[in-house]
Amino acid sequence: MDAIRIYGGNCLKGQTTIQGSKNASLPILAATLLINGVCEIDNCPEISDVYHMLRLLTSLGCRVERKGTCVRVNTCGLSVCDMPSDSVGVMRSSIMLLGALLARTGRVCMEYPGGCVIGARPIDLHLQSLRKMGVVIEEREAEFCAEVSRLKGAVFRLPLVSVGVTENLVLAAVLAEGTTVIEPAAKEPEIQALCGFLQKAGARIEGSGTQRLVIHGVRTLKPVRYRVPADRIVAGTYLCACMCAGGRIFLKDAPVCHMESVLSHATRMGAAVVCEPDGIVVDGKEHECTCNRLTTGCYPMFPTDMQSPVMAVMAASAQRGCIEETVFENRFRIVAELNKMGANIMVRGNTAYINGSGRLCGAIVQAQELRGGAALVIAALAAEGTSIVTNRHYIDRGYEDIVLNLRELGADVELA
Ligand code: UD1
């Protein structure tokens, strides 16, 4: 039962509600470690990555209670600083605990983190930056140990824009001695959410949402309640589902203000999108496609996490298209699987050339990572006949219930 069966050919019609953001929840859960007391995080998605993060917090001595999408984290019992390797190994975001744990306990030992196989994804910059804040790190073959008496603020001129490094440094800096400057900082909405949570708890952060973050360390933070924003990538995935299959859907709670580049590309690719106060209405195939080229980049550019779902749309269309991937070097793993469904996609360097024939056919295909897996499911909506996408557990890392959501949108899908 680790697969999804899709009967292709149904036009979509219906409404679904967009879950809370995975990439905002994970660093916010890590941030609770900085606060002595009980924090309540609302709208925390019920996905396996969040489940792994909660297990990690529990194994560090925190008490975690979960009622649906509301999570209470009590960090008063925080004691352990060695992270269990089974959770660290499966989730790259476990690196996020490093900055927060060092701030609270001064010592952390952990294995090198895992996560989606979408490139080399080193952690060199995380470690190098923390060293600059006074952390002594001893690297061994499979794990490393980091130690510091009190983190010291520092001025960073980073060689690249990294979401994870920005988040880790913010987490390390809020309780550090003195001021930290991070430039260029990532501007992703998920970083704005993390800063929003920390500011509510009493952190002094300037420049949230800009490429220059200035953080003045404070002595303590107070427990807070915070609501995680909706997931722009999940909303974008269902938007692409409608562009693959056609039809008209309503994505309730879709975070319109964080989806500008995705919505403008969708419009140029032929969808009609109307923004309502509580979500978006999508007409999947309303207009002629006027542009089928895109380049991924840091926010506010086109998100790399939306690259595979859009490739599925291009593969199902009758147009030529091309996608340049500039963030991760190994993010074209779905190409071979889409080609099994009759697509004609060729990769040269960091660019994929898609020769849409307007026809995909059902096939058995394998999810190999989170967003690519979801993209195969939505491509199958446009295919003739039945498809099976195996390795559903990759998709479960980021989608609460893709089968239920797509059924609400009128698709004929089931667990297999
Ligand atoms: C986060 C997101 C992921 C998204 C990505 C880019 C989470 C949990 N994950 O991943 O969904 O696709 O941002 O928007 O929020 N790099 C280094 N050295 C380092 C760290 C990163 O070279 O120490 C490189 C990476 O290999 C990559 C680039 O920096 O080429 C950007 O990666 P980064 O922004 O750090 O991605 P993540 O934080 O892993």
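The largest nonpolar core here has 77 residues, and the members that touch the most others in it are Leu29, Met133, Phe197, Leu198 and Leu221. Apart from this core lies another one, made of 70 residues, with Leu263, Ala315, Phe332 and Leu406 among them. Please keep in mind that this is a predicted model.

**A closer look at Met133**

- Met133 is one of the residues touching the most other members of the largest core.
- Leaving aside residues up to four places away in sequence, Met133 touches Val148, Leu151, Lys152, Gly153, Ala154 and Phe156, and also Leu169, Ala172, Ala173, Ala176 and Thr180.

**Who surrounds the ligand**

- The ligand is surrounded by 19 residues, and Asp124, Ser162, Val163, Asp305 and Val327 are the closest.

**Polar contacts and cover**

- Ser162, one of the closest residues, places a polar side-chain atom 2.6 Å from an oxygen atom of the ligand.
- With Gly164 the backbone takes part: one of its polar backbone atoms is 2.8 Å from an oxygen atom of the ligand.
- On its own the ligand has 750 Å² of accessible area, and the protein covers 86% of that.

Terms used
Residues numbered from 1 in each chain as written. Predicted model: local features only at pLDDT ≥ 70, side-chain atom pairs only at ≥ 80, totals over all residues. Heavy atoms only, no water. Core = buried A, V, L, I, M, F, W, Y, C linked by side-chain atoms within 4.5 Å. Buried < 20%, exposed > 50% of the residue type's maximum accessible area, 1.4 Å probe, protein only. Contact = heavy atoms within 4.5 Å. Near = heavy atom within 4 Å. Polar contact = N/O pair within 3.5 Å; in protein donor to acceptor, adjacent residues only side chain to side chain. Areas by Shrake-Rupley, 256 points an atom, 1.4 Å probe, with all protein chains shown as cover.
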